Amino acid sequence: MADAEGRAEGAEGAAAVLARSRSTLRTSVVRPVGSVATRLLEPLDRAASPAAAAFNRSLGQYFGTVTGLQLLVLITTVLALFAAPLWAPYIVGNYLYTLAIACVWAIFAMAWDVQSGYTGYISFGHSALSGAAGYATALLVVNVGPNLPLWVTIPVSVLAALVVGLVVGLPALRLQGPYFSLITFVAVLLFYRLTIGFSEFLGGETGFQEVQAFTYDPTLRFYYMLVPMLLVAVGLTFVARSNVGMVFVAIRENESAVAAAGLNPTAFKLWSFVMSAIPMGIGGVLLAHFSGNVTPSSFVVVNNSIEMIAMAVLGGIGSVLAPIGGAFLFVILRDEVLHGVGHSLRYFTLWMVVLAVLVFARDGVIRRLWHAIGAIGGDSE
Amino acid sequence: MSLLSVEGLTKRFGGLVAVDDVSFAVEAGEIVGLIGPNGAGKSTVFDCLMGVHDVTAGEIRFDGAAITDWPTHRIVTHGMARVSQESNPIGRYSVAANIRLFTLPNSVFSFHGGASDAEIAEYAARVDLDGRLDERPGELPHADVRRLEIAKALATEPDLLLLDEPFAGMNQAEIRTLSEQIESFREAGTTIVVVDHNMGGLMDLVDRTLVLHNGRKLAAGEPDDIVANDAVQQAYLAGEGA
């Protein structure tokens, strides 16, 4: 009894210390830095606000509204990404490669988010979807012919992701909460065992190496990944800001209210899998043609599913765009910043970062940044 | 033909018979009271009407269709809406967005559509909520949260509105206002069934009353007759005593 009380006190003490250090951090670091940033950035916000107003008037209802500074940051980021081949070589590391990989994973993180983050039906098995697309491409190349044109293999592979997505999504019609999540988890474990168990057909542990890479030119390859990523971002943002996104969120917040509103929750839940599986398929195809390798470890293993979730968490779940930033953070941390560190320590550090974000900034780093930028000068949210 | 007709409705949960062979009909333009002590089965009847529960036996016909086995969303689209006892607005949406959700077309391909801002303001105005459209449900007083629930139901343009304990937790002035508003819904063409567990508040509002007790239909008739009915008095007294 006394022991338990002591432990409880200890926990309270720790919580108090944590709270105090957070508030110290806030008053002595965040606020001063924030006010300096505000003073510096306010003129920029004002300068860009006519453009933001024009954007909000014309496209706001389709993609959400922005403040002047948010629009500037958005445009600068996109321009910086397009200009990456100009600046990336000057940074130590292999940034053009890393950024290209990050683009593919950004697609996965967004696609996971539009289904799991929005509807609250958390999938632990999304790598089965990208895996289906990657394996479909590899199987077509190996079994049908190495010279199959991309306009055949890409749609068929995306369709494979869609079929697997609907199969994984079907339990969502009957199961809720952890049971649904467990089923998606098991789906990925099954897929992995199938690739090993039917190794003569599915290539086993070493998978397939026969897929033709799009290109080996690092600059061109980067653009092959960046442009589809941006198109997926625009498409999913459109979906997320539409009625459909609104219903997805309502399913997460209060599923019975959706039915009471005369909306078929089953149809919308399946639709969320469609909206997610198509970009997952696109990402899977890109990953297959990135290096030409399709293996269980690069596509199927459950770690991949968890990493997609981690990226979405880092950026901010339920926003589609923030997971892009989360994916870039995660991949750059893993492949560049922590490059010299051993495999285990590297992943240990990464997961600690994810844990820290879950505890201290549950709504995501990128989303917080976005709102902080929006709060400068602007009067909109 | 009646707007709503319920024949031999029975709902069993395991060994418990929550609703036992209940039959009644509601004509277009009526306001019908459904009363009974706590646990009488009133909300279960509503759940069965709305397709929330599968019924054990019986048939429900509404606006010319046998809706017994229909899913909730289809029943709503066909013109029936229910305001539950519990308020469950979506906290992160404004009052206006909460109402808007109930106006969206039931199609996954409908990316844009639903009511305009003016239409949403109109639904809100029918329960005097039009001044609070931009607020979050969490910022509203209890009575306004209840009004929001009614506005959401109205936004589905129902022919038949089921109100489950609409007066619960309201003061006398709020009850009077809400009664007048319910009367105005009827004048606008909506038929209404109101559930309440106490007899008093309802009797001025309703045309006809149906009394449930232990899942069975105990009495039905004009409000005055019901108040004078011995069996009804007994049921309520027994309920109070227990």
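Visitor: Quick one to start: is Glu183(B) buried, partly exposed or exposed?

Guide: This is a predicted model, and in it Glu183(B) counts as partly exposed, with a relative accessibility of 25%.

Visitor: And what does Glu183(B) form a salt bridge with?

Guide: Glu183(B) forms a salt bridge with Arg186(B), and the closest N and O atoms of that pair are 3.0 Å apart.

Visitor: Where do those two sit relative to each other in helix 6 of chain B?

Guide: Arg186(B) and Glu183(B) both belong to helix 6 of chain B, which covers residues 172–187, and because they are 3 residues apart there, about one helical turn separates them.

Visitor: Which residues of chain B do salt bridges join into one network?

Guide: Arg132(B), Glu135(B), Asp144(B) and Arg147(B) are joined into one network by salt bridges that share partners. Within that group, the side chains of Arg132(B) and Glu135(B) meet at 3.1 Å, N to O.

Visitor: Are Glu135(B) and Arg132(B) buried, partly exposed or exposed?

Guide: Glu135(B) is partly exposed, with a relative accessible area of 24%, and Arg132(B) is likewise partly exposed, with a value of 26%.

Visitor: How many salt bridges are there over all chains?

Guide: The count over all chains comes to 15 salt bridges, although the interface of chain B and chain A has 0 of them.

Visitor: OK, the interface then. How many residues are in contact on each side?

Guide: On the chain B side 24 residues are in contact with chain A, and on the chain A side 27 residues are in contact with chain B. The area buried between the two chains is about 2,300 Å², and carbon and sulfur atoms give 65% of that area.

Visitor: Which residues of chain B lose the most area to chain A?

Guide: Those are Val108(B), Phe111(B) and His112(B), which together account for 27% of what the chain B side buries.

Visitor: How many residue pairs are in polar contact between the chains?

Guide: There are 9 residue pairs in polar contact between chain B and chain A, counting pairs in which both residues have pLDDT 80 or more.

Visitor: Which helix of chain B gives the most to that side?

Guide: Helix 2 of chain B gives the most, with 4 residues. Helix 2 (72–77) and helix 3 (95–101) each supply at least two residues of the side of chain B that touches chain A. By residue type, that side divides into 11 nonpolar, 10 polar and 3 charged.

Visitor: Switching to chain A: what's going on around Arg346(A), and which residues does it touch?

Guide: Arg346(A) is found in helix 17 of chain A, residues 343–360. Leaving out residues up to four places away in sequence, Arg346(A) touches Arg334(A), Asp335(A), Leu338(A), His339(A) and Val341(A).

Visitor: What does the side chain of Asp335(A) meet in a salt bridge?

Guide: The side chain of Asp335(A) meets that of Arg334(A) in a salt bridge, at 2.9 Å from N to O, and Arg334(A) counts as buried, at 9% relative accessibility.

Visitor: Last one: what is Ser130(A) in contact with?

Guide: Apart from its neighbours within four places in sequence, Ser130(A) is in contact with Phe108(A), Met280(A), Gly284(A), Phe299(A) and Met308(A). Ser130(A) is placed in helix 6 of chain A, residues 127–144, and counts as buried at 1% relative accessibility.

How values were computed: Residues numbered from 1 in each chain as written. Chains lettered and ligands numbered in written order. Predicted model: local features only at pLDDT ≥ 70, side-chain atom pairs only at ≥ 80, totals over all residues. Heavy atoms only, no water. Contact = heavy atoms within 4.5 Å. Buried area = accessible area lost by both parts, 1.4 Å probe. Salt bridge = Lys/Arg side-chain N within 4 Å of Asp/Glu carboxyl O. Polar contact = N/O pair within 3.5 Å; in protein donor to acceptor, adjacent residues only side chain to side chain. Nonpolar A, V, L, I, M, F, W, Y, C, P; charged D, E, K, R; others polar. Buried < 20%, exposed > 50% of the residue type's maximum accessible area, 1.4 Å probe, protein only.
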